[in-house]
Amino acid sequence: MSDKPLVRYETEDGIAIITVDNPPVNALSPGVPEGIIDGVRRANADPAVRAIVLIGAGRSFIAGADIRQFGTGRVRPPIGQRSHDILDASEKPVVAAIHGFALGGGLENAMGCNYRIAARSAKVGLPEVLIGILPGGGGTQRLPRVAGPKRALEMIVSGRHVPAPEALGYGILDKVVEDSADLRAEAVAFAKSVADKRPLPRISERSDKLQEAKDEPGMFDAMRKSIARRARNQKAPYNCIAAVEAACTLPFQEGLAREQALFQELENADEARALRYAFFAEREVAKLPDIPADTPIKDIKTAAVVGAGTMGGGIAMSFADFGFPVRVLEVTQEALDRGMQRIRSNYETSVKRGSLAADEMERRFARIQPVTSYDDIADADVVIEVVFEEIPVKQEVFGKLDAVMKPGALLLTNTSAIDIDKMANATKRPQDVAGSHFFSPANVMKLLEVVKGSASSPEVLATTMALGRKIGKISAMAGNCDGFVANRSRAPFNTEMAILLEEGCLPEQVDKVMVDFGYPMGPFAVGDLSGLDIGYAGRRRRAAENPNYRKLPISDRIVEMGRHGQKTGAGWYRYEKGDRTPHPDPEVARVIKEVAAEMGVEQRSFTDEEILRRLLFSSVNEACKILEEGIAYRASDIDVMWLHGFGFPRYRGGLMYWADQIGVRAVYDQISRWHQQYGERWAPAKLLRELADSNTPFRNAKAG
Ligand code: 3H9
């Protein structure tokens, strides 16, 4: 560790400057709040100092408390002696100078100051709810006082990062300066201009904006109601609301005490532990043990997508949404028109819902250019193939791409299961080929699974990982095998879903268990949404390749009846015309019984827990095999993939983290029992047995 001080103190022309210097993001690690407190006391004691500036060194102001310190039992100073309390009590004016991020404890300290100025590109927010806690440093009490309770509720319950110009409009900031300006010099000048102004404006002493809650006392219940579905099984969002409510009903000091009590209920709860784990897992996933950190990254400015189906359109939107011009290729005009129409109508839905402004939609749509000839995409920096999942079709596309694309272009395939090398070998530049597997709907789901072909160059892989981040995705690396990491680990879950039906479950029963667990939709309803014919084609391919492949006769019968999901008005559920609500269908129940009888499988009833474990344990076992084979780097990468590819509830950490809560030994024992009962598909992975024998948590498992 360097012995450079975490907080520096200097004076300049009567202004004390307190600089937090704790790279990379100036988190409030031990020593930082103490350094701020020392600086404020020193400045107040020095008659030559007239005002104080609090600023961050490096790329940010302060990104909040040090998340690694939560749950460690570290004793925090009592109310009145915390850095924001001391800033608030300063007798000389304090100006916070914000660039980069002022998040969580960062914004809380800034709100303890008398004034806040920020660079135009800065962002402020109280994102604590996203790690299962609430702003416990006065944020729930000061934000409603400065921005009004309604805005504070919205910001604290969503945890969103608010751009500086918007924060200025809410009254959180006093001034925004251009990024080209010298923020420190601006802050010093500002401090001089307010040095003699008295009384000092203190957010803690304000109550004018709290009137809003008196005029509209129902706002807290309305907020609770509006988050009921999204926040089910969680406590932090509700404690956030309760704390803001306290700000509106209690004097400031009592409000702080209430905030503290509500914070303490959360810090060590399972929810916060799981969310902290997810936060760090999402950062870990970017680290590639076998690719040097200094691998050059290609500059990607333009993209092309081959195939304008639902997935191709979603991928094109992902690029357009982040400012990339993208060409979409279909060889027939009709398919191209249909694809562009689908993109347009997806954007229109967002505009109707209010999540996208109409002019922004036009800007994004204009970035997507439809073309019908390969020559028209030849100069793109990256091309993503999104055609039908059949090897010869894909190989033909890659042959054409090889012929037209400029040298050095990234040639990516969105296949969800096919061996990347089959496509790479259809070109004379296999080093430029890799997998870029998006998840449905591609413009919404955040996971980008980057798949290594055997010849993919480190440069292509590192560039694809970085490209994912540039289009707002979380990139995760996977090895090349059937289904890669995400779909392969999920496949046994899909198999068990169908087998549960043979044994007596109904789709609506399984879906309810998974929705209660925290998924946004049940797996059968998701199947209907994405289309059941894709899985059907995959099963046929695998059955042809592998004579021992476990057939799923009920799933096959449903598809063979023409029930392909929402797009045909029926799948596992039936749908009314123009409506996406799934309705349980007695016809499906009849087919299930009929096929089960043909198979000679006895039907019985299931508990919710048995359903949940049958589905998820099967995937945990497969995930162990994936790690054992070195297809994924870390168990936590698999968790990140489940969170962002499949909608696994974040407050449960991820598949492997969740399994740890049950315990590796208990999982192993159950899987072993099912192995006895059901045969080979439940054979425990070697790694699972080793973890159980050594009592090593799943989350610590790494590639074998
Ligand atoms: C809080 O403030 C509670 C208070 O109310 C008081 C209660 C009493 N702590 O994300 P990046 C690390 S709760 C520790 O890749 P970016 C991160 O792990 C806190 N470490 O950069 C990574 O390390 P490594 C409220 C942190 O530019 C490195 O910094 N605040 C923290 O993509 C770079 O991070 C938040 O929740 C932290 N607080 O994004 C904000 N923050 O290199 C959390 C970062 O070893 N942070 N690290 O992998 C963020 O959202 C993003 O990091 C940020 C920068 C947007 C700031």
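Student: At its relative accessibility, does His99 count as buried or exposed?
Tutor: This is a predicted model: local features need pLDDT of at least 70, side-chain atom pairs count only at pLDDT 80 or more, and totals for chains, interfaces and linings use all residues. Residues are numbered from 1 along each chain as its sequence is written, and side-chain values use heavy atoms, with hydrogens and water left out. Buried means under 20% relative accessible area, exposed over 50%, and partly exposed in between (1.4 Å probe, protein chains only). His99 has 18% relative accessibility, so His99 counts as buried.

Student: Which residue has a backbone oxygen 2.7 Å from a polar side-chain atom of His99?
Tutor: His99 sits in the loop between strand 4 (94-98) and strand 5. Helices (H or I, at least four residues) and strands (E, at least two) are DSSP runs, numbered from the N terminus. Beyond four places in sequence, His99 touches residues including Gly56, Phe61 and Leu183 (contact: heavy atoms within 4.5 Å). The backbone oxygen at 2.7 Å belongs to Gly58.

Student: How many residues surround the ligand?
Tutor: A residue is near a molecule if one of its heavy atoms lies within 4 Å of it. The closest are Ala65, Gly105, Glu108, Glu128 and Arg283. By class, the shell has 16 nonpolar, six polar and seven charged residues. Here Ala, Val, Leu, Ile, Met, Phe, Trp, Tyr, Cys and Pro count as nonpolar, Asp, Glu, Lys and Arg as charged, and the others, Gly among them, as polar; the number surrounding the ligand is 29.

Student: What share of the ligand's exposed area does the protein bury?
Tutor: Take the polar contacts, which are pairs of N or O atoms within 3.5 Å; within protein, one must be able to donate a hydrogen and the other to accept it, and residues adjacent in sequence count only if both atoms are side-chain atoms. A ligand nitrogen is 2.8 Å from a polar backbone atom of Ala63. A ligand oxygen is 2.6 Å from a side-chain N or O of Arg283, and a ligand oxygen is 2.8 Å from a side-chain N or O of Lys287. Alone, the ligand exposes 1000 Å² (Shrake-Rupley method, 1.4 Å probe), and the protein buries 77%.

Student: Which side chain makes a polar contact of 2.6 Å with the side chain of Arg142?
Tutor: Arg142 is found in helix 4 (residues 139-147). Its relative accessible area is 1%, so Arg142 is buried. Beyond four places in sequence, its contacts include His84, Met111 and Phe252. The 2.6 Å polar contact is with Asp88.

Student: How far apart in space are the C-alpha atoms of Phe398 and Leu412?
Tutor: Phe398 lies in helix 16 (residues 391-404). It counts as buried because its relative accessibility is 0%. Among the residues it touches are Leu411, Leu412, Met423 and Val433. Phe398 and Leu412 are 14 residues apart in sequence, and the C-alpha to C-alpha distance is 9.3 Å.

Student: What is the relative accessible area of Lys175?
Tutor: Lys175 is in strand 9 (residues 175-177). Among its contacts are Arg116, Leu168, Glu186 and Phe190. Its C-alpha atom is 9.4 Å from that of Phe190, 15 residues away along the chain. Lys175 is partly exposed because its relative accessible area is 32%.

Student: What is omega for the peptide bond that joins Arg198 and Pro199?
Tutor: Pro199 is in the loop between helix 7 (183-194) and helix 8 (211-215). Another cis peptide bond joins Pro23 and Pro24, with omega of about 5°. The bond joining Arg198 and Pro199 is also cis, with omega of about 0°.

Student: What is phi of Phe484 near?
Tutor: Phe484 is in the loop between strand 17 (474-478) and helix 19 (486-503). Phe484 is buried because its relative accessible area is 0%. Phi is positive in this residue other than glycine, near 55°.

Student: How far apart are the C-alpha centres of domain 1 and domain 3?
Tutor: The chain is divided into domain 1 (7-268), domain 2 (303-481) and domain 3 (504-605). These bounds come from an automatic or database domain assignment. The C-alpha centres of domain 1 and domain 3 are separated by 50 Å.
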